[in-house]
Amino acid sequence: MTQHQIGRLADTLRRTIHADRVITTGPDYDAGRAIWNGAVLARPGVIVRCGDHTDVQTAVRAAREAGVPLSVRGGGHDWAGRSLSDGGLTIDLSGMRQVTVDPEAKVAEVAGGATAADVVRAAQPFGLTAATGSAGSVGMAGLTLGGGYGPLSGRFGLALDNLLAADVVLADGSLVTADAEREPDLFWALRGGGGNFGVVTSMRVRLHAVPTLLSGMVLFAWEQAGAVLAGLQDVLTGSPDELTVQSGVLAGPDGKPVVFLSPTWSGDDTAAGERALARLGGLGTPLLSQIGPATMPELLAGIDAQFPFGRHVEIRPRSVPSLSPGVREVLSVAGSTLTSPYSAVSVHHLHGAAARVPVTETAFGNRDPHLMIEIIALWQSGDAQAAGHRAWAADVARALEPDALPGGYPNLLGDDESAQIAHAYGPNAERLLKVKHRYDPDRIFRAIPLPDPS
């Protein structure tokens, strides 16, 4: 948009939305375009800081009438920067963070901009928690709509499996509620198809009573990587629903690579949990083992501290059936060739309850037990080796291809990953594209990648 067009669009919006919510310059504008990945330089023409669903409806209609690109910013955690519309209009939901808990029904009403940390903090006083991802600063809506691997996935499923209903502003500006009985096709698509069908201004998610939560971190010296990863595969093969293990490679306190295991036990039997976690510690001789009672807010805060806002990020995901010898070898090479002390490879395990959902029940494309490998290149702003860090992530992803499953995790796929995008939704792709055409025929909404409709 030209400056004249930006001014006209802003003036139009200010007639119906409070003037200080329509931003084109200044400190509030800079704050609105600051997202998790500091490498993203997109500059929206207009940012609308929405306070409720009526603001969202106004913004959607205005963008459509002006013919400008539209994006939606919740937690701002999408590494590819799709929450910012460069030169277009960005709907900023980050001020809509209300969470209301019904402890009797075990349901949370979650506003569209609330983070995972907001949800678990609100539920904690009632002895309840939510199935989230592993980081607290991630927007709960974006995480849920695209999937949501997390520390409770084995017992309670992915975050999307716990979505009960969503209030959605559609491309024509209308507001609908989607659940199992109202707009069922839209509800199906929202669970795995991302924010490609409208703006979720509020959603209802199932909460769970988890009286016992054991978690922590175990680090092993790099010389033990082969043995620890081989033993971990044996543990994962027979792990109960209550045990979900995140694992991978990162730089230790001295800068040398280490293998990390971050297990979470969510079962009622504390003794069984202690035995399961002790078995993980026994896979080698730990450099560090800090395991004990924990809360979900504490778990999510730990990941946020490790991966703070503002650093530069490149993520390449691959999904594999298991920690096969080939995968273990690639992980060993990845650790040995780390180019940044902030980079890591994080392995997420889909099993248990998440794997028992029929694949066509939601839009999520892979319900077979598998490992989602998140290759995270991370560096500080101004680092002259940025190209090398990106190349490291690409090289690790490429090396995993012979062992990888077709497709990949849509929440982490970059727009250039066409081969993975084509298979990311498995048998659900055709139905998903039909729902997209029905609810957003002009493709107003662009969130996580969808397969090419041609």
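Colleague: Which strands does helix α3 lie across?
Modeller: In this predicted model, α3 (residues 53–66) lies across β2, β3 and β4.

Colleague: And at what angle does α3 run to β4?
Modeller: At about 170°.

Colleague: What is the strand order in that open sheet?
Modeller: The order is β1-β2-β4-β3, 4 strands with mixed pairing.

Colleague: Which strands stand at the edges?
Modeller: β1 (22–23) and β3 (70–73) do. Each has a single partner strand, so one side of each has no neighbour in the sheet.

Colleague: How does β1 pair with β2, parallel or antiparallel?
Modeller: Antiparallel, over 2 bridges, with β2 covering residues 46–49. As for partners, Ile-23 is bridged to Ile-47 in β2.

Colleague: What does helix α1 touch on the sheet?
Modeller: Helix α1 (residues 3–14) packs on it and touches β1, β2 and β4 (89–92). The direction of α1 makes about 15° with that of β2.

Colleague: Switching topic to α10: which of its residues are buried?
Modeller: Met-296, Leu-299, Leu-300 and Ile-303 are buried in α10, which spans residues 296–306.

Colleague: Why do they line one face of the helix?
Modeller: Looking down the axis of α10, the buried residues fall within an arc of 90°, so they line one face. In general, an α-helix has 3.6 residues a turn, so residues three or four places apart point the same way.

Colleague: What's exposed on the other side of α10?
Modeller: Glu-298 and Ala-305 are exposed there.

Definitions and conventions
Residues numbered from 1 in each chain as written. Predicted model: local features only at pLDDT ≥ 70, side-chain atom pairs only at ≥ 80, totals over all residues. Heavy atoms only, no water. Buried < 20%, exposed > 50% of the residue type's maximum accessible area, 1.4 Å probe, protein only. Arc of directions from axis to C-beta. Pairing = 2+ DSSP bridges. Contact = heavy atoms within 4.5 Å. Axes fitted to C-alpha atoms, helices over the stretch in contact; angles between N-to-C directions.
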